[in-house]
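Please examine the sequence and the structure shown below.

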Amino acid sequence: GGDGCPTVVDIPETGGFFYGDTTGFVADFDESCDYGGAPKGGASDQILRLVLTQNRRVLLDMNGSTYSTLLSLRQGPTCPGVELKGACNFAFSGPRSFLDEELTAGTYFIVIDGYNSAKGPWDLDVRVIPP
């Protein structure tokens with residue numbers, strides 16, 4: 001799942017560990033921190049949704065992924081939401097993308113992408129803790 005908004009993968013409000021592989025998926029989304037010369041849509045990507053009922057600190061860690069990942073956090077009532085300012089991170093020289101954000105109650109979308117058109121297997125550890 002997660003190949004675009006119709007098949008978004010839901011993350012429980014408690015977080016968890018997720019994995020996937022963007023190989024063979026469609027390049028649906030553009031992220032602000034991707035390589036400047038990348039084609040429209042960039043690399044193939046997957047999308048997940050996290051609904052928070054109260055303010056939380058959310059840590060997103062892609063350690064263990066096998067390619068140069070790109071991680072984008074978006075907010076909005078409908079998919080794919082709008083990328084939060086400063087909430088895009090890429091791993092230029094390794095596979096780990098990481099975000100640590102204080103978030104208000106609401107609906108968030110996490111786009112798993114590849115830096116400079118990279119793709120492959122990924123791991124995502126989502127930790128949701130009190131602010």
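Y115 counts as buried because its relative accessibility is 12%, where buried means under 20% relative accessible area, exposed over 50% and partly exposed in between (1.4 Å probe, protein chains only). The model is predicted: local features need pLDDT of at least 70, side-chain atom pairs count only at pLDDT 80 or more, and totals for chains, interfaces and linings use all residues. Residues are numbered from 1 along each chain as its sequence is written, and side-chain values use heavy atoms, with hydrogens and water left out.

**The aromatic pair**

- A search of the whole structure finds 1 aromatic pair.
- The ring centres of F90 and Y115 are 4.3 Å apart and their planes lie at 10 degrees, so the pair is stacked; rings of Phe, Tyr and Trp (its six-membered ring) pair if their centres lie within 6.5 Å, and planes under 30 degrees apart count as stacked, over 60 as edge-to-face and the rest as tilted.
- The pair links distant parts of the chain, 25 residues apart: F90 belongs to strand β6 (residues 82-90), and Y115 to the loop between β8 (106-114) and β9 (121-129).
- Strands (E, at least two residues) are DSSP runs, numbered from the N terminus.
- F90 counts as partly exposed because its relative accessibility is 32%.

**The surroundings of D61**

- D61 is located in strand β4 (residues 56-61), and D61 is buried, with a relative accessible area of 18%.
- Not counting residues up to four places away in sequence, D61 touches R96, S97, F98, D123, L124 and D125; contact means heavy atoms within 4.5 Å.
- D61 and D125 are 64 residues apart along the chain, and their C-alpha atoms are separated by 5.1 Å.

Definitions and conventions. Helix = DSSP H or I, 4+ residues; strand = E, 2+ residues; numbered from the N terminus.
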